[in-house]
Each structure stands twice: as structure tokens, then as C-alpha cells.
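User: I am new to this structure. Can you walk me through it in short questions and answers?

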Amino acid sequence: MRSRLFRFAAPSRFYRLAERLEPWLWAAALAFAAAGLVMGLLVAPADAVQGESSRILFIHVPAAWMSMLVYLAMAGWAAVGWWLNARMASMLARALAPTGAAFTFIALVTGALWGRPTWGTWWVWDARLTSELILLFLYVGFIALAGAVEERRRADAACALLAVLGLVNIPVIYFSVRWWNTLHQGASITLSAAPKMAHTMLAGLLLMTLAMWSYAVAMALSRARCEVLEHEAGARWLKA
Amino acid sequence: MSWLTLEGHGVYVWCAYGVSAIALALQPWLARRRRRALRRREPRA
């Protein structure tokens, strides 16, 4: 099993596997998104207090979850690449960063668009919002650092260090609504308690999360193929 | 479903989904463009 997994650490094998998996992941992302949008925008009722603006949460909440999840994956791959000197792992970390940044951007923008009608303001320097903004800066810093250092191994090491140090921010984002008295509401769904929202709302949220997860993996594979092409330029297997 | 007709804060809903759709659609397009450019370029010596 272990040797099977390591087979895909070779860029040539990974490239071909990614090429085969990608269409399925895009199809899954589109199917889940279509179902999630129907559920969230047409089937689920408007929130009794927030009204129609609550429909923004079907994109805001999954995007915010994915922004943290993608960061964990990115930091994990960056650390593995640094520790084991595994170039494919470092390439995956680089491939994940722009997708994570996009999810963070979406979470912040949709949060502001939800906050305006609900809280009466686009932005507050609340612990949850500020730590999510720091996450965006971490992603941008990672991307900038990867592009700024010429020598690839040094760039990957510097990026891994930044990503691992930035991991501190993830529990701060997640627990900020518990640790501090924030304007941002508490967790929408927890593992320890039954959800308090309508079943159709919960289904919409979960379907959109699955759509974004499939999108993130498809996008990571797509960008990782770019990284492989850049890294392996002139390799014999690419000409075949 | 008053959000469809921009009533009841519908404009915020449209903006949120519009911005997200653009951000999400831009990424695969950029990646495909980069991959095509990389495939076209001369191999490194």
C-alpha cells in the first residue's frame, strides 16, 4: 500500500493520474453546486430574522470552512516537502495556495455583503474577521514568497516555514467566536450538538461544501499539473 | 423568493453569488492558460 502511494510521488505518474481524475472532480463539483444552489436559493426557507440575506451563507460558510481546510492541506504538504525533500509535495502546496486565497477572499467579500444588511456595517475589527483577513495575507505571502525566491528548494523551504508558522492562525479563526466576545455569530454546525437550522438549509450547506471540496481538489490537481510542467520542462516523458 | 427580484436585500445576494462565481470561474481558466503556455514554451537546456 505504502509503495503504491509513493509511486505517485513521481511527477510523471502524478501528472497522468491528475489528468484522469480531474474531469470526474469537475463533474462532481458542478453536480453538487447545482444541487446546493437549488436547495439554498430555491428550496430552503428565508431565515426568520435575517430574511433573504441569509441565502448568502450558503456560499459564505462553505468558503470559510474551505479557506481553513485548504490552508491545513497546504501547510501539511509544504511541511512534508521540506522535511522529506519531496518535490511533488512542495508542488502540491504551491498548487493549493491560490485556491485557498480565493476561498478566503470569497469568505471575506460575502461576509461583508451579509454583514451590511444584517449588522449594518460592511466590516468590524472583530476577532473572527481579523483572523480571516490575516489568513488571506498568509496565502498572499506564501504565493509572493514562492515567486520571489529564484532557487526552487530555498523557495519551498521558506514557504514551508511561513505556512507552518501560519498554522497558529487556524485555531484562532475557528475558536475566536468562543474565546472572545465577537460580533460574528458562533459556529453554524458543531459535531457535539444537533443542528438548529431547517433540514433543507443544512442540506444546502453540506451540498455546497461538497461542491467546494471537489472544486478545491480539481483546482489543486490542475495547478499541480502546471507546476509539474514547469519543473519538468524538457523531460523525456513529457514529449511522449 | 423575493431575492430574485432584488427585493428584501436581494441585491446583496446577487452580488455575493456574482463575485464568488467570477472568482471561482477565473481560476480554472487561468490554470488552463498557464498550462497551455508552459506546453508551448521551448524546453529548458
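Analyst: Start with a term. A crossing is left-handed if the near helix is turned anticlockwise from the far one by less than a right angle, and right-handed if clockwise. Keep in mind that this is a predicted model. Its scores are ipTM 0.87 and pTM 0.90.

User: Which handedness does the crossing of α5(A) and α7(A) have?
Analyst: Helix α5 of chain A covers residues 127-148, and helix α7 of chain A covers residues 169-179. Their axes come within 8 Å. The crossing of the two is left-handed.

User: Are α5(A) and α7(A) roughly parallel or roughly antiparallel to each other?
Analyst: The axes cross at roughly 160 degrees. Angles over 145 count as roughly antiparallel. Therefore α5(A) and α7(A) are roughly antiparallel.

User: How many nonpolar residues does the contact of α5(A) with α7(A) have?
Analyst: From α5(A), the contact includes I134(A), L135(A) and L138(A). From α7(A), V172(A), I173(A) and V177(A) are among the residues that take part. By class, there are 3 polar, 2 charged and, for the count you asked about, 7 nonpolar residues.

User: How does α4(A) lie relative to α8(A)?
Analyst: Helix α8 of chain A spans residues 199-231. Its axis and that of α4(A) are 8 Å apart, at an angle of about 125 degrees. The crossing is right-handed. That angle makes the orientation of α4(A) to α8(A) oblique.

User: How many charged residues are in the contact of α4(A) with α8(A)?
Analyst: On α4(A), R87(A) and R94(A) are among the contact residues. On α8(A), R223(A) and E227(A) are among them. The contact divides into 10 nonpolar, 2 polar and, in the charged class, 4.

User: Is N85(A) buried or exposed?
Analyst: N85(A) sits in the loop between α3 (57-84) and α4 (87-119) of chain A. Its phi is near 55 degrees, a positive value in a residue other than glycine. N85(A) has 12 inside 10 Å, so it counts as exposed.

User: How many residues of chain A are in contact with chain B?
Analyst: Chain B has a mean pLDDT of 84, and 80% of its residues reach 70 or more. The side of chain B that touches chain A has 14 nonpolar, 6 polar and 4 charged residues. In the contact, 24 residues of chain B meet residues of chain A numbering 28.

Conventions. Residues are numbered from 1 along each chain as its sequence is written. Chains are lettered from A and ligands numbered from 1 in the order in which they are written. This is a predicted model: local features need pLDDT of at least 70, side-chain atom pairs count only at pLDDT 80 or more; totals for chains, interfaces and linings use all residues. Axes are lines fitted to C-alpha atoms, for helices over the stretch in contact, and angles run from 0 to 180 degrees between N-to-C directions. Helices (H or I, at least four residues) and strands (E, at least two) are DSSP runs, numbered from the N terminus. Angles under 35 degrees count as roughly parallel, over 145 as roughly antiparallel, 65 to 115 as roughly perpendicular and the rest as oblique. Two residues are in contact if their C-beta atoms, placed from the backbone, lie within 7 Å. Ala, Val, Leu, Ile, Met, Phe, Trp, Tyr, Cys and Pro count as nonpolar, Asp, Glu, Lys and Arg as charged, and the others, Gly among them, as polar. pLDDT is the predictor's confidence in each residue, from 0 to 100. A residue is buried if 20 or more other C-beta atoms lie within 10 Å of its own, exposed if 12 or fewer, and partly exposed in between; C-beta atoms are placed from the backbone.
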